Amino acid sequence: MMNTFQFDTASLLLALPEIFLLSAIVVVLLLDLFLTKRFKQVTYYLTQASLLITGVLSYNLIGHPETVIFSNSFVLDDMASVFKVFMMGFSMVAMVYSRHYLTQHSLFRGEYFILVLLSILGMMVMVSGYSLLTLYLGLEILSLSLYTLIAIARKRSGAIEAALKYFVLGAIASGLLLYGMSMIYGISGSLNISDISAFASDANLGARETLIINFGLVFLVIGIAFKLGAVPFHMWVPDVYQGSPTSVTMFISTVPKIAAVAMLVRILVDGLGAMHAYWADLFMVLAVLSIALGSVVALMQTNIKRMLAYSTISHVGFIMLGFVTGVVSGYGAAVFYVFVYILISLAAFGIIILLNKEGFEADQISDFKGLSKHSPWFALMMLAVMLSMAGVPPFIGFYSKFFILQQVISAGFITLAVVAVVFAVISAYYYLQIIKSMYFEDADKDITISAPMDIQLVLSINAILILVVGIFPDFWMKLALSLF
Amino acid sequence: MVSLSDYLILSAIIFCIGLVGIFVNRTNIITLLMCVELILVAVNTNFIAFSHFLGNEAGQIFVFFILTVAAAEVAIGLAILTLLFRNKGTISVDVTNSLKG
């Protein structure tokens with residue numbers, strides 16, 4: 001119950017990463033106001049520094065025994081800390097890529113970085129949320145910042161349209177999620193995840209209570225599916241990916257997925273784990289539909305951002321498959337898949353951004369024609385990324401799919417695994433199509449890569465990691481498993 | 001005496017009106033924002049009714065936060081709407097169809 005209000009200053013230390021990030025946002029925001037145009041880069045460096053320090057602070061909290069603070073509304077466990085560290089790392093990479101894009105398209109403004117930091121703060125709150133209220137507030141901080149982030153390209157009508165669609169569908173998703181939360185609160189009498197868990201796993205639960213929990217559960221699952229972008233709640237994904245500025249697309253498609261999965265784990269696994277049989281059925285349908293539709297519709301796309309959107313949808317299907325299994329190793333495989341997906345996705349968008357020129361968006365698949373002749377190194381990297389997405393060994397994308405399928409089969413869902421593999425093979429077509437354009441077709445316009453050294457270096461490391469982690473996936477898999 | 005189920009039925013009706021309104025409405029985006037508000041109002045009714053009948057204040061606290069977030073959400077929604085009007089000269093739902101593939 002939340003009736004007893006406890007507060008002690010020692011618990012503030014456990015929320016230190018969040019507190020630091022919030023203070024850093026305020027400082028960056030104020031400082032940015034006084035910076036002249038010449039020193040605008042300072043905002044970027046300060047953003048990177050705050051992300052780094054927040055990451056280090058979270059890293060120091062790894063290994064801390066699970067503690068629930070702030071009147072049972074905030075939890076600090078290994079999952080939260082590890083997720084935060086990964087979020088900071090991926091965000092820093094995303095910021096390196098973003099800077100090039102922003103300067104090329106004259107979108108470089110301090111607000112961009114502030115909004116990114118705010119959305120990361122929202123994600124951190126979500127990852128550590130231990131009551132429905134904290135989870136909801138974190139989600140809203142994240143979503144509201146993202147809507148604004150898309151609309152930052154205010155002269156592009158495509159971006160505004162994307163922002164509007166994301167806003168309306170995001171608001172519906174929050175509404176559905178809240179309705180589900182109100183039902184769960186009404187029947188269990190508490191907003192706290194552990195109280196809900198205790199209520200749901202009570203052996204004497206009557207048929208009436210189970211019915212109401214299930215009623216709420218359906219809304220919760222729909223809300224989460226909306227946020228993850230699973231079919232049939234995926235309508236916003238392709239439009240938002242295509243319309244947003246590429247750097248924002250990159251950010252939306254990567255880091256918030258960690259937060260969405262964290263919310264899923266907190267609500268459905270930690271809170272309603274006893275109801276697994278009910279929500280796993282829903283997840284099965286969502287997962288199969290996502291994998292199927294994501295793989296098939298992507299075949300017809302000519303815009304690479306839109307193609308990657310459908311590819312994301314099918315990856316989300318795989319992540320959900322991991323949760324269908326209902327065993328800890330399955331959840332671990334799903335978390336591993338998320339990290340891998342983000343690593344690959346960042347590299348893919350990084351290469352797209354690399355090909356951008358001043359005022360020119362390289363967002364068509366045909367823009368990749370003849371890349372191998374002009375810059376063999378980046379073509380090789382794109383090859384690694386695409387093969388990894390398709391799930392070809394020894395790249396990491398193979399192991400992430402492999403672990404998921406292994407868990408799905410050992411949980412006894414052979415048909416599910418077969419369907420997933422069939423559609424994974426179909427999806428290989430459009431990944432290979434890009435490779436074909438790069439290696440076997442001649443460029444119809446000249447390609448110039450004017451990106452500064454930092455993005456080229458980070459991109460190379462990112463692509464090499466795809467291979468290295470693919471050869472030694474053991475450590476990462478063990479890490480993902482240790483979180484549950 | 002109004003019972004809990006009366007409140008729940010009322011909120012379910014409001015919720016459905018909001019949800020249907022979003023999907024049926026083809027004319028004006030401001031109506032969309034109003035429908036989103038209706039959904040949130042339905043949720044608030046739910047929370048307050050539960051909170052009252054359970055004798056637990058947490059639900060009412062939640063409602064305060066939902067109200068605050070809803071205000072912020074509408075502010076952002078209207079800002080995006082302004083930008084849409086500047087770009088397209090109209091706020092009809094039908095103009096938002098340039099993104100497809």
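Arg154(A) sits in the loop that joins helix H5 (132-150) to H6 in chain A. The model is a predicted one. With a relative accessible area of 42%, Arg154(A) is partly exposed, because that class lies between the limits of 20% for buried and 50% for exposed. Apart from neighbours within four places in sequence, Arg154(A) touches Arg109(A) and Ile160(A) in chain A, and Leu83(B) and Asn87(B) in chain B. For orientation within chain A, the C-alpha atom of Arg154(A) is 35 Å from that of Val335(A), and the two residues are 181 positions apart in sequence.

Helix H6 of chain A covers residues 157-188 and packs against helix H1 of chain B, residues 4-24. The two axes are 12 Å apart and meet at an angle of about 160°. Angles over 145 degrees count as roughly antiparallel, and H6(A) and H1(B) are therefore roughly antiparallel to each other. The crossing of H6(A) past H1(B) is left-handed. On the side of H6(A), the contact is formed by Val168(A), Ile172(A), Gly175(A), Leu176(A) and Tyr179(A). H1(B) contributes Ser11(B), Ala12(B), Phe15(B), Leu19(B), Ile22(B) and Phe23(B). Of the residues in this contact, 9 are nonpolar, 2 are polar and none is charged. The spacing of such positions can be read against helix geometry: an α-helix has 3.6 residues a turn, so residues three or four places apart point the same way.

H1(B) leads on to the rest of its chain. Chain B holds 3 helices and 0 strands, and its elements follow the order α-α-α from the N terminus. The C-alpha atoms of chain B occupy a box of roughly 50 × 25 × 25 Å along the principal axes. Its radius of gyration is 17 Å, whereas a compact globule of 101 residues would have one near 13 Å. Of the 101 residues in chain B, 42% count as buried. Among contacts in chain B with a separation of 6 or more, 58% are between residues 24 or more positions apart.

Back in chain A, helix H10 spans residues 246-253. How many of its 8 residues are buried? The count is 8 of the 8, so H10(A) is largely enclosed by the rest of the structure. The buried residues are Thr246(A), Ser247(A), Val248(A), Thr249(A), Met250(A), Phe251(A), Ile252(A) and Ser253(A).

How values were computed
Residues numbered from 1 in each chain as written. Chains lettered and ligands numbered in written order. Predicted model: local features only at pLDDT ≥ 70, side-chain atom pairs only at ≥ 80, totals over all residues. Heavy atoms only, no water. Axes fitted to C-alpha atoms, helices over the stretch in contact; angles between N-to-C directions. Helix = DSSP H or I, 4+ residues; strand = E, 2+ residues; numbered from the N terminus. Parallel < 35°, antiparallel > 145°, perpendicular 65-115°, else oblique. Left-handed = near helix turned anticlockwise from the far one by under 90°. Contact = heavy atoms within 4.5 Å. Nonpolar A, V, L, I, M, F, W, Y, C, P; charged D, E, K, R; others polar. Rg over C-alpha atoms; globule rule 2.2 N^0.38 Å. Buried < 20%, exposed > 50% of the residue type's maximum accessible area, 1.4 Å probe, protein only.
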